[in-house]
Amino acid sequence: MLRMIQKRTSLIKLLVPGPRFHQTIAQTAIKEIPAIKPISIPKSDKTVGRWFLGVSGMVFVAVGLGGVTRLTESGLSMVTWKLTGERMPRTQEEWEQEFALYQQYPEYKLKNVNMTVDEFKFIFMMEYMHRMWGRAIGGFFLLPAIYFWRKGYFCAKTKKSVLLLGTLIGLQGLMGWYMVKSGLEDRFQDPNDVPRVSQYRLASHLAAAFVLYSLSLSRALAMLVPTNTFVIQARNAFNIKGLSHLTKAMVLLTAISGAFVAGLDAGLVYNSFPKMGDSWIPDDMWQFEPIQRNITENPTTVQFNHRILGISTVTLTTALWLVTRRMQLPKRANWAINAVVAMAWTQATLGVTTLLNYVPVPLATAHQSGSLILLSFALWLSHEVRLLKYLPK
């Protein structure tokens with residue numbers, strides 16, 4: 001009986017693997033999983049990436065200067081445009097000659113008829129700085145681009161990006177003058193008219209600046225902050241990439257609607273929140289004919305649309321933050337998500353504060369710059385999750 005039990009015990013040991021066998025399997029499995037090694041960035045890519053980052057930084061400043069120029073009503077002070085740049089007046093006689101040119105156009109005749117030469121100097125300098133900064137961006141982009149191209153620093157993909165960015169920079173300068181011309185045209189006949197640039201051209205000019213900024217910053221992130229593929233176990237993990245792209249689109253759309261608000265001075269109507277006056281939906285939203293004109297030409301409707309888009313952006317970013325709370329994401333991705341939602345709420349607060357205070361220049365400038373900061377965080381988030389893969393539970 002004892003011999004029979006001993007034989008059965010020996011047979012069980014042969015059929016059931018021992019601890020050494022399990023250890024061998026574990027070691028083999030570990031060896032099959034490749035370790036994530038830090039990605040080394042070539043020196044040339046670092047140099048080009050810093051250059052792209054510099055371009056995006058200069059565009060950021062240009063957008064801020066453009067906002068201040070518009071808020072101080074300085075954009076129509078320079079009534080001529082030269083590709084190589086206008087010469088700034090230096091003597092009192094030259095200032096008076098420039099002022100005499102300005103006096104021939106609608107803004108002076110209908111709005112600033114009592115302006116002095118000294119007051120004119122301020123608005124002229126604001127527009128002059130904005131234009132010269134735009135030309136500085138062109139030089140900062142073009143000269144290094146030629147050098148890097150000849151040195152072979154650009155791969156095929158980067159060459160396409162450089163050509164696209166160069167084209168956008170050139171078109172942006174032309175679009176800026178095309179926008180200014182709309183405010184110099186003799187189309188303001190009524191004494192109650194307010195000479196201003198076309199809101200359509202203003203929105204196009206701002207949208208082009210945002211696209212230029214986004215492309216240059218995205219290329220900088222790709223070269224300076226490489227990311228690894230990572231896998232998370234979640235049924236809705238794929239939503240993160242989709243939500244990050246949607247966030248970028250909403251930020252851009254809200255900013256463009258803000259350009260229409262600026263172009264029509266729509267921030268000076270219904271300076272209350274959350275209601276517009278005593279109503280949630282004002283009665284004068286659809287007073288223009290045909291009805292679609294209200295979307296881009298009625299100040300009330302334009303402000304209403306900007307409010308809805310802003311609230312939608314905050315809601316979307318908050319939903320993204322809530323969805324990702326239980327997911328095991330890399331630290332940088334979590335930081336990016338937190339930055340996006342925090343900036344979205346900050347931007348909304350700035351917008352409401354600007355509205356309630358009747359659009360003071362400092363607050364309005366901060367609000368416009370805040371939209372670019374929010375877009376920057378959204379671009380960073382999209383960059384961090386671009387190689388995300390998901391494993392369904």
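Modeller: We begin with a definition: helices (H or I, at least four residues) and strands (E, at least two) are DSSP runs, numbered from the N terminus. Just after helix α3, E73 takes a positive phi of about 55°. This is a predicted model, in which local features need pLDDT of at least 70, side-chain atom pairs count only at pLDDT 80 or more, and totals for chains, interfaces and linings use all residues. Residues are numbered from 1 along each chain as its sequence is written, and side-chain values use heavy atoms, with hydrogens and water left out.

Biologist: What span does helix α3 reach from its first C-alpha to its last?

Modeller: The expected span of a helix is 1.5 Å times one less than its number of residues. Helix α3, residues 43-71, has 29 residues and reaches 42 Å, close to the 42 Å expected.

Biologist: How many helices and strands does the protein chain have?

Modeller: The protein chain has 13 helices and two strands. UniProt, in an unreviewed entry, lists residues 51-71 and 200-225 among those under "transmembrane region"; such annotations may be inferred rather than shown by experiment. Residues 200-225 are 96% helix and 0% strand, with end C-alpha atoms 36 Å apart.

Biologist: Over which residues does pLDDT stay under 50?

Modeller: pLDDT is the predictor's confidence in each residue, from 0 to 100. The chain mean is 87, but pLDDT stays under 50 over residues 11-37. Contact means heavy atoms within 4.5 Å; for residues 11-37 the model has four contacts beyond four places in sequence.
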